[in-house]
Amino acid sequence: MARRWLFPALLAASGAAIAFHQAGTGSPVAAVVLALLFAVLAVLLSPLAFPASLAAAEAQRRSAADGAPVIYWRPGCQYCMRLRLRLGTAARRAHWVDIWRDPDGAAAVRAITGGDETVPTVVLGGEPHVNPDPGWLRGQLAR
């Protein structure tokens, strides 16, 4: 649990320290701007920016029922963030599995990628796609 929040917490703490320093040197506007910038980055790189994660078994069960893709991801992954941002509201139509929270999800990714935990890994219609093009996946979700 703590590992998921380590990087966002470090970003927030760094932003606070830099903002405090800027305020101390007489730059209150720069302090506020930097604090806001670091806060936004911390939220974007945290689990809060992603739809609620499911257990791998539950995501696979739901995917079999509704045909929606299963997206395996982990917090702090820049490729996962790129995919999430490019999908926009369509991201809610997929089933997301945080591999740091679910050992079965991590095992599923390792099975797909030959032992690595490379994310994002998308399983759509039983076909795995490692780090797929966000535009392609957005098109698949629009169907």
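Colleague: How many residues does the largest nonpolar core have?
Modeller: This is a predicted model, in which local features need pLDDT of at least 70, side-chain atom pairs count only at pLDDT 80 or more, and totals for chains, interfaces and linings use all residues. Residues are numbered from 1 along each chain as its sequence is written, and side-chain values use heavy atoms, without hydrogens and water. A nonpolar core is a set of buried (under 20% relative accessible area, 1.4 Å probe, protein chains only) Ala, Val, Leu, Ile, Met, Phe, Trp, Tyr and Cys residues joined through side-chain atoms within 4.5 Å. Phe-50 and Trp-96 are among those with the most contacts inside the largest one, and its residue count is 32.

Colleague: Which residues is Phe-50 in contact with, leaving aside neighbours within four places in sequence?
Modeller: Contact means heavy atoms within 4.5 Å. By that rule the partners of Phe-50 are Trp-73, Cys-80, Met-81, Arg-84 and Trp-96.

Colleague: Is Thr-121 buried or exposed?
Modeller: Thr-121 is found in strand 3, strands being DSSP runs (E, at least two residues) numbered from the N terminus. Not counting residues up to four places away in sequence, Thr-121 touches Val-70, Ile-71, Tyr-72, Val-109, Ile-112, Thr-113, His-129 and Val-130. Its relative accessible area is 0%, so Thr-121 is buried.

Note on methods. Buried means under 20% relative accessible area, exposed over 50%, partly exposed in between (1.4 Å probe, protein chains only). Helices (H or I, at least four residues) and strands (E, at least two) are DSSP runs, numbered from the N terminus.
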